[in-house]
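Please keep the sequence and the structure open while reading.

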Amino acid sequence: MDNTTLLFIGTITTGMGDAKKFLSLTGYLDQFKSILGYEPFPGTLNITLNTSSTQLKSNLSELTPLLINEWTDGDRTYGSATCYPAILIEPVEGKTLPVHVILPDKTRHGEEQLELLSPVNLRKTLALNDTDELHISVYSSTY
């Protein structure tokens, strides 16, 4: 088993709102339930990584991922995504929650962006706001 853990640091930013639509599609929902073990809240938490964390992002390929396959509904094909289990750490109060980092194969985000999936609304559950700093500890899947 791979024991590598990567620690990312960044600040919360408001996303484009695209994830809400995609996360609600049955082709993705069924896979999230079976592969991640839960139905994600319909939206991701967007993190803008600091410079060193942006550079570290390429090291995610060293971890064992959870793969979400592309699928089609007959009219269009929806892209695949790579997920990694992680722990979200709110550094001021030390609150933590298990999450998944999701890296969609098709995205409009830059390399400095990281998206987090969770079964709960992370902003409300941890009382988070834009510009709050978070630490994300990402590790290999054991799936």
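## Basis

This is a predicted model, in which local features need pLDDT of at least 70 and side-chain atom pairs count only at pLDDT 80 or more, while totals for chains, interfaces and linings use all residues. Residues are numbered from 1 along each chain as its sequence is written, and side-chain values use heavy atoms, with hydrogens and water left out.

## Salt bridges

A salt bridge here is a side-chain nitrogen of Lys or Arg within 4 Å of a carboxyl oxygen of Asp or Glu. The rule gives three salt bridges. Accessibility is described in three classes: buried is under 20% relative accessible area, exposed is over 50%, and partly exposed is in between (1.4 Å probe, protein chains only).

Arg123 and Asp130 pair with their closest N and O atoms 2.6 Å apart. Asp130 is partly exposed at 32% relative accessibility, and Arg123 is partly exposed at 27%. In the pair Glu93 and Lys95, the closest N and O atoms are 3.4 Å apart. Glu93 counts as exposed at 58%, whereas Lys95 is partly exposed at 30%. The side chains of Lys33 and Glu39 form a salt bridge at 3.5 Å, N to O. Lys33 has a relative accessible area of 41% and is partly exposed; Glu39, at 45%, is also partly exposed.

## Ile35 in helix α2

Helices (H or I, at least four residues) and strands (E, at least two) are DSSP runs, numbered from the N terminus. Ile35 sits in helix α2, which covers residues 26–36. Ile35 has a relative accessible area of 15% and is buried.

## Nonpolar cores

A nonpolar core is a set of buried Ala, Val, Leu, Ile, Met, Phe, Trp, Tyr and Cys residues joined through side-chain atoms within 4.5 Å. The largest has 22 residues, and those touching the most other members are Leu45, Ile47, Leu88, Leu116, Ile136 and Val138. At least two residues of this core come from each of β1 (5–13), β2 (45–49), β6 (81–90), β7 (95–104), β8 (113–117) and β9 (133–139). Another core, of 15 residues, lies apart from it and includes Tyr28, Leu66, Ala81 and Ile102.

Contact means heavy atoms within 4.5 Å. Leaving out residues up to four places away in sequence, Leu88 touches residues including Leu45, Lys95, Leu97, Leu116, Leu134 and Ile136.
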